[in-house]
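Subject: the two-chain model

Hi,

Here is the structure I said I would pass on. Have it open while you read, and I'll walk you through what turned up.

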Amino acid sequence: MTDINAAGFPVLSLVTFLPIVGVIILMTLRGDEAAIAGNARWTALWTSLITFLISLVLWTRFDLRQPGYQFAESVSWLPEFGIGYRMGVDGISVLFVLLSTALTPICILASWDSVKIRVREYMAAFLILETMMVGMFSATDFLLFYMFFEGVLIPMYLIIGIWGGPRRVYASIKFFLYTFAGSVLMLLALLAMWRQAGTTDITVLMHTPFSYHMQYWLFLAFLASFAVKVPMWPVHTWLPDAHVEAPTAGSVILAGVLLKMGAYGFLRFSVPMLPEAAQHFAPLMFTLGVVAVIYTSLVALAQEDMKKLIAYSSVAHMGVVVIGIFTFNVQGIDGALFQMISHGVVSAALFLCVGVIYDRMHTREIARYGGLGDRMPLYAFAFLLFTMASIGLPGTAGFVGEFLVLVGAFQVNIWLALLGSFGMILGAAYMLFLYRRIIFGKITKPDLKSILDLSPREIAIFAPLAILTLWLGIYPASFTGFFDASVGAMVQSHQQAMNAAHHASQFAGVAR
Amino acid sequence: MNWSLALPELVLSISGLAILLIGVAQKRDSTLICTMLTLAAFAITAVLVIGAPSAVGYDGLFTSDAFAKFAKLLILGGSALCAILSLDYNQRQNISRFEFPVLILFSTVGMMVMASASNLMTLYMGLELQSLAIYVLAAFAREDVRSSEAGLKYFVLSALASGLLLYGISLTYGFSGSMDFSHIAQAVTDPAGVSTGLVVGIAFIITGLAFKLSAVPFHMWTPDVYEGAPTSVTAFMSTAPKVAPFVVLLRVMFGPFGHIAIEWQPIIVLIAIASMLLGSFAAIAQTNIKRLMAYSSIGHMGYALIGLAAGTQSGVRGVLLYLLTYVVMSAGSFACIVAMRRRGLAVEKISDLGGLAKNDLPLAALMAIFMFSMAGIPPMAGFFGKLLIFRAAIDAGMWKLAIIGVLTSVVGCFYYLRIIKVMFFDPAEDMFDARSASLSFVAMSTGIFTLIFVVFPAPFLGAAAQAAKALFE
C-alpha cells in the first residue's frame, strides 16, 4: 500500500482519521449533562493530544532534502476515473499539518470553561474540523483535496452558528455561502483538469501541460475559490463577521488554519500547474495584495471591537502572503510560507488574548478596557509578546516572514516592496494603539478593579504559543529547512516553464 | 415466446392481487400484514430482477437489460422505503387502510413496465398504471379537503399531460410509421431528413414526461400536490415515481431518437436551466417544508436533466447515480418530515423544526446530513451525483449549462442551510412526539448510506456505468 513511507505505518491517515475515532467515543458517552460535558472535554483533549503526538512523527522523520511527497499513501478508490485516495506531505504542506494538530488541543483547552452548552457536540465539531483540515493539507489527489476543502465548511458553519455571538446566524450563513460560491467554480476547474489529464492525481496534474487559453480560465476559477478563503480584498467581508461572531476557539482555528487554505491552494495549484497564467495575473495579485495591506490596515485603525481589529489585521497579513507567493522567487515564497506559519501562531494567540478578557468581562469593545497592566501583569506580558510579533519586531515570528517577502518583492519591483512595507508601519500603528488602550493607563472602570490575571489553564495555553513565537523569530532555520527544498524545486520549475513559453513565443514570432 | 422475461413484473402483479384478497378477507385492520407482504413481494421481485435474462421479448414490446435492471432495483428500493414510512404515518393520521401498500405495489408494477418499455404503447401503459395508483393515493385522506384537492388537481393536470404524451406518440407513429423503438430509430437516422411533424411529436413526448418529472415549465402542480397529499404519499411521489419517467425519458431519447439528438437537446437544455433556476429561487420564500421539498425536487430534476442534455454515455451514468442518491436522500428527508408531529398532529412548517437539535439530536443530525447532501456538499452522497453530472456536461462542452448549474446550487444551498439553521441555531420549540421504530429505521439506514457512500462509491458507479452502457448497445 505504501512504498516510500519513512514512518513504516500510514501516519497521515492515522493523524487524519484519529479525531473521528474521538467523535465516535464522544457519541457513546452516557450520563447526566454535567458528566457528559466533563467527559467530552477530556475525551476531546486526549484525542487531539494523541493526534498531535503522532503527527510529531512528521517533524522528526521528514527528509529535509527531498522536495517531493513523503509519507505517501495510496489506496485504490475509483480507479476507472483516475481518482484515488492519495495522501502525502511535502515541504509546503508538512508544517500546516503540524499547525493544525497543534492548534486543535489549544482550541479545546481554550473552550474548557467558556463553552457551557452542548459541550459534546462542540468537541465533536472541533474533532471533525481537525480531520478535515489535516486531510486537506495531506491530500495529494485533487478530488480528495476538494472534498476535505469543502468538508471544512460543515463543522465551521455549526461552530459559528451554534456557539457564536448575537449575529451568529448571519455570520455563519455568509461564511458558508461566500466560500461555497467560490468553491463550486473551483469544482468546474477541477473537472476541466480531470478531463484533460484523465486523473486527479496532483503529481500528474503538475506535469500535465494546459494551453494558455485554458490556464487563463482555470486560474480565474481557482482565484474565485482561493481569494475568498485567503481572504483577499474585495471578497474579505465575510471574515470580520465570522471572526466577531465565532466563539474564541472558532476564531483561533479560523485565523490559524482556515485562512491558510486559500494561500495553500495558490501554492499547490495555481502557481505550479498554471505557470503562464500565474505570471500573467501576477500584477493583478500584487495590486489586490497591496490594496489589502494598506486598505484593511487603515480599516483596522478605526475599529472599536478588538476581534474585528485583529480580523482586519489578518486580511492585511494575508495580503503580504499573496504578494510573496506571486513574486515567484525563493525569498518571496519562503517568506509567504513563513508568514503563514507565524500568522497561524500569532493571530491564534491574539484571538486567545481577546478571549481571556472576553471571558471575564463579556465585551470586546476596546473602550470598555484600560489599565489592565496593573491587575494582570502576566496577561500584559503575553499580549505584549504577541503584539510585537504581529507588528513584526525582529526576534519574533512576524519579522522573518514579512522581511523575506519584502526582499522577494524588491527583486520584482521597488514600488511593490515600498507599498507592501506600508503594511508594517500601519500594523505597528494599530497594534500599539490597541495595546495602549487596553493595557496602559490607570484602571478607571469600576468593574475592572477586581479582574483576575491568567489562570494556570490559560498559562498552559499561552506558553507553547509564546515559545513557538520566539522560536520562529530567533531560529527560523528549523522551520525554513522544511520548505527550502520544495520551494526551490517549485521556483525552478516555474522558471523552466516561463523559459519554455518564452522560447515558444519567439519561435512563433520567427515562424510568422 | 419468452414469458420469463417479464417474470418480476408478473410475480409482482400476482402478489398484488393476492395481497388485495388477503386484505379483504381479514376482519380486523390488516394494514400491517399487507404492508409486510408487499415488502416481501418487493424483495422477491428484486431477486428476480437481478436474475432476469437480458433480452428483448413480446414482439419487441418489452426489453430487459442492465439499464432496466438498475432502474427497477432503484424503483423497488424507493417504493419499499416509502411503504415502510407510510405504516406509522397512516396509522397516526387515521388513514390506515390495507389498500395503501397495494396501491404502491401496483404503481411500482407500472414503473417497472416503464423501465422496460421498448415500444411507445408499453411506455404509455406503464405510465398510466403508475399514475392511476398515485391519483388514488394523493386523495387517500378522503376526509381531508386538502388531500382531495391534491388528488383532483393531480388527476386533471396529469390527464392533460397524458393526453399530450399520447398526441406525441400518435404524431411519432404517423411520421415514422412505427411505435417500436428500434423501428423508429431506423426511420429517423438522418438528422437532415427529420420532418417537422416528428420533431413536434418528440416535443409532445418530452412535455408529457417532463410533467411527471415536474420539470419547469410543467411543474405547476408539484408544490400544491406535495403540500396537500398525505406526507407518506408525498414521500412516495418524490422518490420512485420520479425515477421511472426519467428512465423512460433516457430510453426514448437515446433509443429511437438517439440519432437526432441535435433536435431535442436544446429543449432539454432549456428545461434543465429553467428547472434549476426555479427550483433554487422559488424555494427560498417557502415556509412549508413539503412545499420546499417540492421545489427542491424540481431543482434536482433540473440537475439530472443536465446529464441527459449532455447526450453521452457518461451523462447517462451521471443521471443514474444522481437518481440513486436522490431517492435515498429524498426518502430519508421525508422520514424526518413524517416524524414531525406534536401532540398527535402532523406539523409541516419549517419553523416547527426550531431547535430540534436540543430536543432530538439524532433526528436533527440525520436531517442535516440529508440537507448537506442535497446541497451537494462533500463528502455526502449527493456530491457524487452532481460531480458526475457536471463532468458529463463539461465533457460535452456545455460550459454554460455547467456554470449555471453550479451557481444555482449555491442558491439552493441557501435554503438547505436555512433548515439546518432552524434546527441547530434557533431556540427550541416543544418536543416532537416519540417516533416509531419504522421511521427511525428508514431515516437511519438512508442517513448512514448518505454519509458513508464516500467510502465505497465504486460498486454503485460500476453498476451505473454498466446500465448506461447497456442503453447505448
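In which loop of chain B is B:Pro217 found? B:Pro217 is found in the loop between α8 (196–213) and α9 (221–228) of chain B. Labels like these come from DSSP runs (helices are H or I with at least four residues, strands are E with at least two), numbered from the N terminus.

Some housekeeping before the rest. This is a predicted model, where local features need pLDDT of at least 70 and side-chain atom pairs count only at pLDDT 80 or more, while totals for chains, interfaces and linings use all residues. Residues are numbered from 1 along each chain as its sequence is written, and chains are lettered from A and ligands numbered from 1 in the order in which they are written.

Most residues other than glycine have a negative phi, and most peptide bonds are trans. B:Pro217 is joined to B:Val216 by a cis peptide bond, with omega about 5 degrees. Chain A has a cis bond too, between A:Val230 and A:Pro231, with omega about -10 degrees. You'll find A:Pro231 in the loop between α9 (212–229) and α10 (238–245) of chain A.

On the phi side, A:Arg118 is not a glycine, but its phi is positive, near 45 degrees. A:Arg118 sits in the loop between α3 (94–110) and α4 (119–138) of chain A. A:Arg118 counts as buried because 20 other C-beta atoms lie within 10 Å. The scale, with C-beta atoms placed from the backbone, is: 20 or more others within 10 Å is buried, 12 or fewer is exposed, and in between is partly exposed. B:Asp59 also has a positive phi, near 55 degrees, and its place is the loop between β1 (55–57) and β2 (62–64) of chain B. B:Asp59 has 9 C-beta neighbours inside 10 Å, so B:Asp59 counts as exposed. A:Arg61, in helix α2 (residues 33–61) of chain A, is partly exposed, with 14 other C-beta atoms within 10 Å.

(The expected span is 1.5 Å times one less than the number of residues.) Just after α6(B) comes B:Gly177, with a positive phi of about 85 degrees.

Then look at a helix pair in chain B. The axes of α14 (residues 313–338) and α20 (residues 458–471) of chain B come within 8 Å and cross at roughly 130 degrees. That makes α14(B) oblique to α20(B), because angles under 35 degrees count as roughly parallel, over 145 as roughly antiparallel, 65 to 115 as roughly perpendicular and the rest as oblique. Among the residues making the contact are B:Leu320 and B:Leu324 of α14(B) and B:Ala464 and B:Ala468 of α20(B). (Contact means C-beta atoms, placed from the backbone, within 7 Å.)

Last, where the chains meet: 22 residues of chain B are in contact with 24 residues of chain A. The elements of chain B giving two or more residues to that side are α17 (381–395), α18 (399–424) and α20. The largest share, ten residues, comes from α18(B).

Definitions and conventions:
Axes fitted to C-alpha atoms, helices over the stretch in contact; angles between N-to-C directions. Contact = placed C-beta atoms within 7 Å.
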